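Welcome! Please take a moment to look over the sequence and the 3D view before reading on.

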Amino acid sequence: MTRDIDVVLPCLNEAEALPWVLSRMPEGFRPIVVDNASTDDSAAIARRHGAHVVEAPQRGFGAACHTGLVAATADLVCVMDADASLDPGDLPRLLADLHHAGPALVLGRRRPVGRGAWPLHARLGNTVLARSLNRRAGTALHDLGPMRAARRADLLALELADRRFGYPLEMVLRAAAAGWRIGEVDVPYRPRTGRSKVTGTVGGTVRAVRDMRRVLAEVSGAAP
């Protein structure tokens, strides 16, 4: 079957989670694992499970996402975490909302499933940022979730500049400013596999929120 949807999976030491994630990739979806300087066997495991692997030597979540976006060749592109907290089987539900006229961005709204899936500190930080975003961009989002779907050409046209944790927020801000249709679909959110680098730790959450607040100020032209 000809693959017509690319799935960008930013990856930093996700050797334990990748087999589950890649084994659940729907037919017609091509996984692109972006190895962001992993020190484990993530790249080798990804290749063994049929993924296309590209290297993103510049460390940073945004750097990994954008490297994958540039490497993608399909018209439709999805982005999601590679830590098994999100199920690739839910991606078709996001894509179903893209088949309309005009640029669009669909986000997966995380619904926690299982104990420890979404720590309170991370959920509170997300809520505050989403409210700030909605006030300034005129959106009506509940979550700045990492599972997303859009057309590749439209995303590239946004000329996203952040290469850290602010990348997902910048995507929504610039899409809203460009008049895109932005929506969200509920998706289950499970406890991640392996050690958390961001939402599972207070320090990681603080760094992510700080990056996003910086992007919010820079792109919207107002202090958060």
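## About the model

This is a predicted model, in which local features need pLDDT of at least 70, side-chain atom pairs count only at pLDDT 80 or more, and totals for chains, interfaces and linings use all residues. Residues are numbered from 1 along each chain as its sequence is written, and side-chain values use heavy atoms, with hydrogens and water left out.

## The sheet

Let us start with the strands. Helices (H or I, at least four residues) and strands (E, at least two) are DSSP runs, numbered from the N terminus; two strands pair if DSSP finds at least two bridges between them.

Strand E5 (residues 104–112) and strand E6 (residues 148–151) run antiparallel and are joined by 3 bridges. Leucine 105 stands opposite alanine 150 in E6.

## Helix H7

Of its 11 residues, 8 are buried (under 20% relative accessible area, with exposed over 50% and partly exposed in between, using a 1.4 Å probe and protein chains only). The buried residues of H7 include Tyr167, Leu169, Met171 and Leu173. Just after H7, glycine 179 takes a positive phi of about 85°.

## Two nonpolar cores

A nonpolar core is a set of buried Ala, Val, Leu, Ile, Met, Phe, Trp, Tyr and Cys residues joined through side-chain atoms within 4.5 Å. The largest one has 36 residues, and Leu9 and Val33 have the most contacts inside it. Its largest share, 4 residues, comes from E1. Apart from this core lies another, of 31 residues, among them Ala56, Leu107, Leu155 and Val172.

Leaving aside neighbours within four places in sequence, leucine 9 is in contact (heavy atoms within 4.5 Å) with residues including Val21, Met25, Val33 and Met80.

## The cysteines

How many disulfides does the structure hold? There are 0 disulfides, a disulfide being a pair of cysteine sulfur atoms within 2.5 Å. Cysteine 11 counts as buried because its relative accessibility is 1%, and cysteine 65 counts as buried at 3%.
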